[in-house]
Each structure stands twice: as structure tokens, then as C-alpha cells.
Amino acid sequence: MIGSSVVVRTRSWIVLCLGGFLGCSAVGSPAALADCPGHPDALGTSRTLVVDPHEHPRIGTMQYRETLPLKDHEIVLTFDDGPLPKYSNQVLKILDDECIKATFFIIGSQAKANPEGVRKLVAAGHTVGTHSMNHPLTFDRMPVEKFEPEINGGIEWTSAAMTDPSQLAPFFRIPGLMRAEGVENYLISRGIQVWSADFPADDWRHVSSDRVYQLAIQRLEAKGKGILLLHDIQARTVAALPKIIRDLKARGYRIVHVVPATADRPATPTNPVEWLLHRPTETVPIARWPAVPTFVFTQTRTLPAPSLADLNAQTEHQSLLPRRTKGQMDLASTLPVPGRALFAIPEGSVEVLLSTTLSRRAATRLAMAAETPHTVRGKIAKGRTAKSQARHAAHASPAAPKHAAQVKSATPRPTRVASLKKRA
Ligand SMILES: [Zn+2]
């Protein structure tokens, strides 16, 4: 049924799946198309993309080789760490007014405290995945005994908040993007898709809402399409969102709503190459690819995600950086975990709220901490010859193999979540 919904795009602002996932069954037929009631200038949602986690288990070019099979000028909005009524309700209203469908990654403790917030998201037709129970920023070094209850706790409390737990999507975003192979393998074995992102807007940092808006648009423009990572627990995100949406419309971007495949909702047909941000034939002439030297990754387990994605500062120097060859890109499908500084400010908890009252001195300290990896990398790179760097890069391997071993040696407990037991 959904196969027919693959792309229905007109020049008017079409809204698909008004009734949520179930409503998508009618998508594609003229009766399913509608303008955004009461909002003639709304951006709307241009199409619904159905994905099968089994076929493409890890997505988001901030860390992985594959990302969603979006077309040029298509964007997927994602919001992490909610629901937190004060801000989540405002985000929900803004999206509703624009008839935009997004994906929310829920923290279990937030769902436990505010189950109504989860139900509101589902009722509004958004996709709801999970983001752990307590949002620890240690997934990259947790043994299976620790991360398994974190993952399952988030799933259980989020699905428990739903009227129909089968509405929970098997999508998971690792807190702070602190990826580890063992965690990913565990999730994949459960049929859960691991979502990184294509670009953040740094809305968890102490920046202005204007800066969030600028980063969102600049990074999107640099890649031309992709998954935007935002948080629905921040005042600056609420303030920036209307402006981001207005600009998306002005620049001709289209919103894509992503839902998981089910037995009666097959995945949208795609070619494997569509899951690459830039297809092989396109990668060569593209100067905007964040050409970070591969050897950097081999020297440290940190990925300089903020500076890497901060394309504002790259335009001048980008041509000086060595471009990764296709061979290098194929070495591994994943990149190491991002630098600890990426999510230096704890999110999704009381700490987040407290962090908004941090003194200027504390903010400066955080900013200095964020700079540290760059200094370290600079020193390392300086001390190596180009040849040894290249050799080291060629033998690079994804981070956290010890977790993989731990997962193998442990027997995962079966989940108690009905919706995820036997997802096709
Ligand atoms: Zn988070």
C-alpha cells in the first residue's frame, strides 16, 4: 500500500499521512492529498519514505557510510531528548502549523514522566523512535549488561506511554552519538535501525537561536539534503524552528517523513546507491564533502563532528585538505565515535535545564574543552610523515572492538516489547 506512496509531489503543499502511519495506507490516491488546513503557506510534507531496518541498519553520514535515500533538496527533521512539555509542545505546534511530519527520539525517563507527550506525537502522525532510558553519554564504553537495559528501558517506557505500542518505530539514536560496534550489533540483531544524522545545528550548545538557524541552513546547503538533528527540549530550538522552516520553503526544500516497514507496509523501493549521500559518480567533483584527513581518525577515537560539520569555517581551507579516495571510504562503513566535546553538555535531563543557567565562565570552560581535540590532533599530525599517516589510515578500523566481543559472549535478553519482537 505504501509502495504507492513513494513520491507524490505537486506544487501545492501536500500533506500525506494526516492520520499517522495507519492513514498512510491511502497515500497516493487523490483523496489523501490535502493542503495544510488553515495554513496556505505551510511547507507541508512532500512524501513518506518507508525504510526496512534490516536492509539498511545504520544511517547518517556523520558516522556511517549510508544515509536515507533522499533526493536533492529533501530533508528529514529529527528531534531528540523529549518529550519535555514546555518545549516539546511548542515544537509540536510549529510542526502542526506547517503540516510537517518529523521523527522523535524519546528518552525513556522523559516518557515515564510525561507519557501524554508521547501520545501527542503519535496522534499528530510523527514517527517515534527511542534514545535510551537515561541518556548516558557512555555508550561507547559500556558493556552489554549496561547498555542493554538502557536501550530496553527506553523502548519499554516509550511504548508503555503509547495507546498502541505497535506505533513505536524500531529506530534508535545513540545518546551523544557515542557509537560502539557492540551497541550497533545488538540493535541490528533486534531489527532496530541505528540513526546518526547528516548534520546537527548545535542546538544543545550555548548558542543563540539565530546561530542554530544559521547552522541548520548552512550545513543543509553544504550537503544539499539529509537528516537534521535537533532537540525538542531547548528554548533556542523552539525559537529557531519557524525561521528554519520558512527558509526551507524559500530555498525549495521538501520535507520527507520516514516510517518503518511492516508486514503490510513494504519498504519504498530504492537502489543501494541511493543510500549514499553522494553517489560514486558524483563524489569526485564535489568540493563540499567534508574532506577530513582519514589519519586523524586513526590517532584518536574521537571524531571532530562539530568542526567537521561546521562548514562555515571550511570554505577557505577545504581545498588544502587531502580528499579521501574511494578506496579509503570503502575501508569501513562506519567512523569512530564523535569527540566527547560533541555533546559536552549533557542533554535530556535536569542537567540540560540547569545548564541553561551556567555562568559565562562555565560556558568558556566548555568551549575550551571543545577545542582540545583539535590541538591534540594538530600535534599528532605534525609528528607524522605523510607516508606513515597513510599507512596508518589504511589499517584503520572502527572503534570499540572490545564491545563487540562482549556482545558476542553475552546472550541478549529477549525484549518484552511486543512491537519489536518479530518485526519483518
Ligand atoms: Zn540526546
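**A strand and its partners**

Guide: Strands (E, at least two residues) and helices (H or I, at least four) are DSSP runs, numbered from the N terminus. The model is predicted, so local features need pLDDT of at least 70 and side-chain atom pairs pLDDT 80 or more, while totals for chains, interfaces and linings use all residues. Residues are numbered from 1 along each chain as its sequence is written.

Visitor: OK, and what stands opposite Thr78 in E4?

Guide: That is Thr103, in a strand covering residues 103-106 that runs parallel to E3 and is joined to it by three bridges. Between E3 and E4 the chain passes through helix H1 (residues 85-98) in a right-handed β-α-β crossover, meaning that, with the strands pointing away from the viewer, the path from the first strand over the helix to the second runs clockwise.

Visitor: Why is E3 largely enclosed?

Guide: Seven of its seven residues, 74-80, are buried, so the rest of the structure largely encloses E3; buried means that 20 or more other C-beta atoms, placed from the backbone, lie within 10 Å of the residue's own. Both faces are covered, with Glu74, Val76, Thr78 and Asp80 on one side and Ile75, Leu77 and Phe79 on the other.

Visitor: Switching to the whole protein, how much of it counts as buried?

Guide: Of its 424 residues, 47% do, and the secondary structure comes to 16 helices and ten strands.

Note on methods:
A residue is buried if 20 or more other C-beta atoms lie within 10 Å of its own, exposed if 12 or fewer, and partly exposed in between; C-beta atoms are placed from the backbone. Two strands pair if DSSP finds at least two bridges between them.
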